[in-house]
Amino acid sequence: MKKICFVLPTLQKGGMERVVTELSNHLVNTFDITIICAVGGEIKYSLDSKVRVIANEKYNKLSLLFFLTKAIRNDNADVVIGFSEFLNPYTIISSKLNSKKVLVSDRSNPIKRHNLRDRIMRKLTYPLSNGLLAQTNFAKEVFMRRKFNKVINVLSNPLINIENSNINYENKGILMVGRLTKSKNQKEIIEIFSKVLNEGWTLYIVGGGKEREFLENFAISLGIREKVIFTGEVDDVESYMKKCSIFAYTSLSEGFPNALNEAMAFPLASIAYDCKAGVSDLIENNVNGFLVKEGDKESFIVKLQELMIDANLRKSIMEKGFSNRVKYHVATISRNLISFIS
């Protein structure tokens, strides 16, 4: 194998776009890499100059299959890898028309309810691919039950580069990162924080969204507004990680929780609800963090208080987080991908 072609809608800012960019920048040192952007648009990520990009500048749904079939034929890659549940059916059909080996990566939350058209298209086309890449072990189990494909592997998201070498276990800061939405459930961490002995501690809520005013008023109603810092959207999340020793994650819905992975690797002592999916891929309960049954608020309070009181416990958990930097390094994830292709 010498040439790999990734297919995704655009290279605008987004989770799967970041994953494809990081994989491409790493793999281009060994393989010829092409990225086909089926919907076109401006490139928002920094790509190695050796990575070739083919963008569809005249996108419309009627001509999408024709564009992909032609682009895949002209690129003549050894393997085509689709990276979008919306585009994957088109990528599979176009690759098969060109007699190309094709894999697809489905990065969506496996319990998300897709529209009827997408459900039918996935059901019909996914079994035709040479393999399916799931984002988490839970997603793999769901896809196997749905008989999407007989060959399914887990490909986690590569971790961003983290260079911090300090274990700031004495910092009295608790961090939560995510869009301010109901599914991320910041309301619950604010309520939990109000019920622990939090003297000297600060809760940092990093992220922007429509729930901010409601959450600020909720903190006021609990009498802890001065202890809760709402940062809004920030580019430098690391500056807030440096203020904290604990990462508390009350999210109720995930595909793969990048924020949690980055926090653990920074490292921060992490506690999270065991929501579906991905959290249990990262946290081994009572080993490298605390995994709390979803909705068990009282247990979350007890475990968070335990972390806040015991500095040595925080230090022990934080030390284990460094292993994430190796396990989820782009080189490790790339090796897993190449092994699966082979």
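By class, the lining of the largest pocket has 15 nonpolar, 14 polar and 14 charged residues. For this count, Ala, Val, Leu, Ile, Met, Phe, Trp, Tyr, Cys and Pro are nonpolar, Asp, Glu, Lys and Arg are charged, and the others, Gly among them, are polar. The model is predicted, and local features need pLDDT of at least 70, side-chain atom pairs count only at pLDDT 80 or more, and totals for chains, interfaces and linings use all residues. Residues are numbered from 1 along each chain as its sequence is written, and side-chain values use heavy atoms, with hydrogens and water left out.

**Pockets**

A pocket is found on a 1 Å grid over the protein atoms alone, as an open set of points where a 1.4 Å probe fits, with protein on both sides within 12 Å along at least five of seven lines; lining residues have an atom within 4 Å of a point. Its volume is the space filled by probe spheres set on the points, which are joined across faces, edges and corners.

| Pocket | Volume | Element giving the most to the lining |
|---|---|---|
| Largest | About 1600 Å³ | H1, five residues |

The largest pocket is lined by 43 residues, of which Gly 15, Arg 179, Asn 258, Ala 259 and Glu 262 lie nearest its centre. Helix H1 (15–27), helix H8 (238–241) and H9 are the elements that give two or more residues to this lining. Helices (H or I, at least four residues) and strands (E, at least two) are DSSP runs, numbered from the N terminus.

The lining of the second largest pocket divides into four nonpolar, one polar and six charged residues. Among them are Lys 112, Arg 113, Arg 119 and Phe 148.

**The seven-stranded sheet**

An open sheet of seven strands runs in the order S3-S2-S1-S4-S5-S6-S7, with parallel pairing. Two strands pair if DSSP finds at least two bridges between them. Strand S3 (52–55) and strand S7 (152–154) are the edges, each pairing on one side only. From one strand to the next the twist averages 20 degrees. Strand S4 (residues 79–82) and strand S5 (residues 101–106) run parallel and are joined by four bridges; Val 80 stands opposite Val 102 in S5.

Helix H2 lies across S1, strand S2 (32–37), S3 and S4, at about 170 degrees to S2. Here lying across involves contact, meaning heavy atoms within 4.5 Å. Axes are lines fitted to C-alpha atoms, for helices over the stretch in contact, and angles run from 0 to 180 degrees between N-to-C directions.

**The six-stranded sheet**

A second open sheet, of six strands, has the order S10-S9-S8-S11-S12-S13, also with parallel pairing. Its edge strands are S10 (228–232) and S13 (290–292). Strand S12 (residues 269–273) pairs with S13 in the parallel sense over three bridges, and Tyr 273 stands opposite Val 292 in S13. Helix H9 (residues 258–265) lies across strand S8 (173–177), strand S11 (246–249) and S12, running at about 165 degrees to S11.

**Salt bridges**

Side chains of opposite charge can pair when their charged atoms come close. Counting a side-chain nitrogen of Lys or Arg within 4 Å of a carboxyl oxygen of Asp or Glu as a salt bridge, the total is 14. One of these joins Lys 3 and Asp 75, with the closest N and O atoms 3.6 Å apart. This pair links distant parts of the chain, 72 residues apart: Lys 3 is in strand S1 (residues 3–8) and Asp 75 in helix H2 (residues 64–75).
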